Amino acid sequence: MNAAAREAVQTRFTALLHHVDVEALERAFWRQKPRASAGVDGITVEDYERNLESNLRDLCEKIHTGRYRPHPVRRVFIPKADGGRRPLGVPTLEDKIVQGAVAEALSAVYEADFLGFSYGFRPRRSAHQALSSLHTAIMSQRVNWVLDADIRSFFDSVDHEWLLRMVAHRIANPRVLRLIRLWLEAGILESGEWRETDRGTPQGAGISPLLANVFLHYVLDLWVHQWRRRHAHGRVTIVRYADDFVMGFEKVTDAQRMMRDLKERLAGFGLQLHEAKTRLIEFGRFAASARKARGDQRPETFAFLGFTHYCGWTRDGRFIVKHKTQSTRLTRKLTAIRQEARQRMHQPLALQHRWLASVLRGHYGYFGMPHNWRALNAFRQDIRRIWLKCLQRHSQKNRRMGWDWFEEVTARLPLPLPRITHPWTSRRALCG
């Protein structure tokens, strides 16, 4: 199907639902997290697995006979870095399975359409590839200005009718379009009260990332690609990961015009830029050199995918873009670890060590970028302090113990040392 989509980019697919068979549903089931929260029906992965074969057969029959109806999405809220709360949708397990199987079929079509600078929630693409692409663009092209953009409440603002029209541009199967409409209009259950939804795709739903990519493909990606060919006087680059994107410009006039045109473009689809989080800053090799020659401070920084990006210099005086862990994200993570460490305070020492070691390995796995070793080491020291305080609180005897005693503990149960898991030499990217 992916090959057919690539060969005929104007083809509208009329037969897709037959790809959603028992095997596809089973693949979607095994992609679910074993301990994921249950939806409004209370059915967990463990419950469903007890009669998996018959459950999937019944579900497949309901889909193909038109008897399948999605449940409302249970809404919960998770804290954001700015102190606010982010809404998160929790669909039922069967809705997740069906959405996962349909998304798998649709993805084979849209992978032929999506542009190279789009990275979020796509097969064989990752956040680190997006970071590498951005780094390559700033280092190798004449980027003098960076637009750090943020779409306000994107997942809550997607217009359903526009989205369905965009999907129908490529998908002509009425049963698939009906399924997507049912999911969009299933409503939200919050504090026991059902509410209708006429906008948005709940974060947490299996189909949402793909639908978000489709929406932004037509609203943003194709438009930017055409805009820079028709209106730009210098180089324009873009890297997008889901609704988070960064643009680089050679000329400030292009950057300023893009700001105006982008606001107008998004407004036409019911979206708007977050004024407080969208900034146009002078950034790059020539901006850094000019400021250094004048004796000014180096250019402002910007955040993207959990990293703060800043202009720096190598030991032999060459310009380089460096990265460090974003402070707000680090603070939020340490707060969550402190809370969980208190809950694990009475576990055996070996179990506490195993958990903290896995936390550190996961942190290094994502944030182990060049130039970020100091932040990685600081995170490890914070983890050590958290563990020591929890051990001291565990008993009256431990409260009298200090760092010397703790060093003996960590000599027997050492915590993983910081390491760079994403060196430059192993990173490949596509620049947009």
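User: What gives the most to the lining of the second largest pocket?

Analyst: That is α5, with 5 residues. Please bear in mind that this is a predicted model, where local features need pLDDT of at least 70, side-chain atom pairs count only at pLDDT 80 or more, and totals for chains, interfaces and linings use all residues. Residues are numbered from 1 along each chain as its sequence is written, and side-chain values use heavy atoms, with hydrogens and water left out.

User: Which elements each supply at least two residues of that lining?

Analyst: They are β1 (73-79), β2 (85-90), α5 (93-110) and α10 (208-230). Helices here are DSSP runs of H or I with at least four residues, strands are runs of E with at least two, and both are numbered from the N terminus.

User: And how much space lies in the pocket?

Analyst: The second largest pocket holds about 850 Å³. There are 27 lining residues, and those closest to the centre of the pocket are Arg-31, Gln-32, Ala-205, Gly-206 and Pro-209. A pocket is an open set of points on a 1 Å grid over the protein atoms alone where a 1.4 Å probe fits, with protein on both sides within 12 Å along at least five of seven lines; lining residues have an atom within 4 Å of a point. Points are joined across faces, edges and corners, and the volume is the space filled by probe spheres set on them.

User: How do the lining residues divide into nonpolar, polar and charged?

Analyst: The lining has 12 nonpolar, 7 polar and 8 charged residues. Asp, Glu, Lys and Arg count as charged, Ala, Val, Leu, Ile, Met, Phe, Trp, Tyr, Cys and Pro as nonpolar, and the others, Gly among them, as polar.

User: Changing topic to the inside. Which residues touch the most other members of the largest nonpolar core?

Analyst: Leu-25 and Leu-106 do, in a core of 71 residues. α10 provides the largest share of this core, 12 residues. Another core lies apart from it, with 47 residues that include Val-239, Tyr-241, Val-359 and Tyr-364. A nonpolar core is a set of buried Ala, Val, Leu, Ile, Met, Phe, Trp, Tyr and Cys residues joined through side-chain atoms within 4.5 Å. Buried means under 20% relative accessible area, exposed over 50%, and partly exposed in between (1.4 Å probe, protein chains only).

User: What is Leu-106 in contact with, leaving aside its neighbours within four places in sequence?

Analyst: Leu-106 meets Leu-16, Ile-171, Val-176, Ile-180, Ile-207 and Leu-210. Contact means heavy atoms within 4.5 Å.

User: Is Leu-131 buried or exposed?

Analyst: Leu-131 counts as buried, at 0% relative accessibility, and sits in helix α6 (residues 127-140).

User: What about His-64, where does it lie?

Analyst: His-64 is in helix α4 (residues 52-65) and is partly exposed, with a relative accessible area of 30%. Setting aside neighbours within four places in sequence, His-64 is in contact with Leu-17, His-18, Val-20 and Arg-175. The C-alpha atoms of His-64 and Arg-31 are separated by 22 Å.

User: On to the backbone. What is the phi of Ser-153, and what is the phi of Ala-242?

Analyst: Ser-153 has a positive phi of about 45°, and Ala-242 has one near 55°. Most residues other than glycine have a negative phi. Ser-153 is in the loop between β3 (145-150) and α7 (154-157), while Ala-242 is in the loop between β6 (236-241) and β7 (244-249). Ser-153 is partly exposed, at 45% relative accessible area, whereas Ala-242 is buried, at 10%.
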